[in-house]
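Here are my notes on the model you sent over, in the order I'd look at things. Have it open while you read.

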Amino acid sequence: MSTARGEGRYGEAAFRPEQAGEGERIDFGALAYDDITMARLRALGVGPGWRCLDVGAGTGTVSRRLLEEAGVESVLAVDRDVRFLGARSRPGLDLLEADITAPDFSPGRFRLVHARFVLMHLPEHERLIRRLAELVVPGGVLVLSDAVDLTSDRTPDSPYTAAMRAMWQGLRATIGTDVSWVPSYPSLLRGAGLLPVAAEIHVPPLLPGSPLSRFWADTWERSRAAMVATGLVDDGAVDTAVRYLASDECAALSAGMLTAWGRQPGDTPR
Ligand SMILES: C[S@@+](CC[C@H](N)C(=O)[O-])C[C@H]1O[C@@H](n2cnc3c(N)ncnc32)[C@H](O)[C@@H]1O
């Protein structure tokens, strides 16, 4: 059954940055995925001399690691709310508070444009992918990561499965989150004129107490009203799922992170 797409917005109808613990929730996701992201960026050659754009930068863990570990020249970190970025600024890191869906969003051109766990929450992903591709200089790369839902009709029922189904459906109905198109990233990047393109999926283990388990538990807490409104779970079922995730009983596969990348044809200007 498909659910009507909600008209609410990320950061307003859910995941409000002013709500206590929201920065910590983003950091748990970052702790689970930053090493994978950095390994891919380094393999793509990102390093000294690169000017980078980090779109929807959150708490800025990738932005700072680009500067500190990859040694890039600069990072412009863009977010609709830069409070977490401002609290941890450093030389080479520039901040821009902006809505990337705005028609006049035009922050310049970069050798790396990166967005992780952002486009899945926004309408018009095809237009945004084309727009982000336009921000990449010839020879540069666009790198996009988002979640892939690995549950199916055959996934065994468990507190975790029930909570995940309710979360995806509830977020879609409130802020329009949609991960169903994420596996189409390679063809969407190709359609945006990038060549060659490629993609990979990583699924960290759901170990009790791990950053990933805590990320999902926090995400359910913040999505609780939307989850319960689906009718698929009640408050008790969300509580049970949070306890299940933290226990040795947990036998589940996390949603994965799909990373897709493509090169803007041409030679990088010297
Ligand atoms: C799930 S967090 C991901 C943060 C970071 N990219 C990471 O992977 O750790 C999504 C981020 O996108 C930002 N965001 C959502 N919609 C946005 C928009 N329309 N324009 C700019 N930033 C947006 C949010 O404020 C939030 O910081």
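1. A word on terms before anything else: strands here are DSSP runs of E with at least two residues, numbered from the N terminus. By that scheme Ile201 belongs to strand β6, which covers residues 197-202. Keep in mind that this is a predicted model.

2. Staying with Ile201: why does this residue count as partly exposed? Its relative accessible area is 45%, and the partly exposed class sits between the under 20% of buried and the over 50% of exposed, so Ile201 falls in that class.

3. On to the aromatics. Searching the whole structure turns up six aromatic pairs. One of them is Trp168 with Trp216, an edge-to-face pair with 6.3 Å from centre to centre and 75° between the planes. This pair ties together distant parts of the chain: Trp168 is in helix α5 (residues 159-174), Trp216 is in helix α7 (residues 211-229), and 48 residues separate them.

4. Are these two tryptophans buried or exposed? Trp168 has a relative accessibility of 12% and so counts as buried. Trp216 is buried too, with a relative accessible area of 5%. Phe215 joins in as well: ring pairs connect Trp168, Phe215 and Trp216 into a cluster.

5. A further pair to click on is Trp181 with Tyr185, which is edge-to-face, with 5.0 Å between centres and 75° between planes. Trp181 counts as buried because its relative accessibility is 7%. For Tyr185 the value is 0%, so this residue counts as buried as well.

6. Now the ligand. How many residues surround the ligand? There are 14, and the closest are Gly56, Asp79, Asp99, Ile100 and Arg116.

7. Some atom-level distances to check on screen. Gly56 uses its backbone: an N or O atom there lies 2.7 Å from a nitrogen atom of the ligand. Asp79 places a polar side-chain atom 2.5 Å from an oxygen atom of the ligand. Arg116 also comes in through its side chain, with a polar atom 2.7 Å from a ligand oxygen. As for overall cover, the ligand taken alone exposes 600 Å², and the protein buries 94% of that.

Terms used:
Residues numbered from 1 in each chain as written. Predicted model: local features only at pLDDT ≥ 70, side-chain atom pairs only at ≥ 80, totals over all residues. Heavy atoms only, no water. Helix = DSSP H or I, 4+ residues; strand = E, 2+ residues; numbered from the N terminus. Buried < 20%, exposed > 50% of the residue type's maximum accessible area, 1.4 Å probe, protein only. Phe/Tyr/Trp six-rings, centres within 6.5 Å; stacked < 30°, edge-to-face > 60°. Near = heavy atom within 4 Å. Polar contact = N/O pair within 3.5 Å; in protein donor to acceptor, adjacent residues only side chain to side chain. Areas by Shrake-Rupley, 256 points an atom, 1.4 Å probe, with all protein chains shown as cover.
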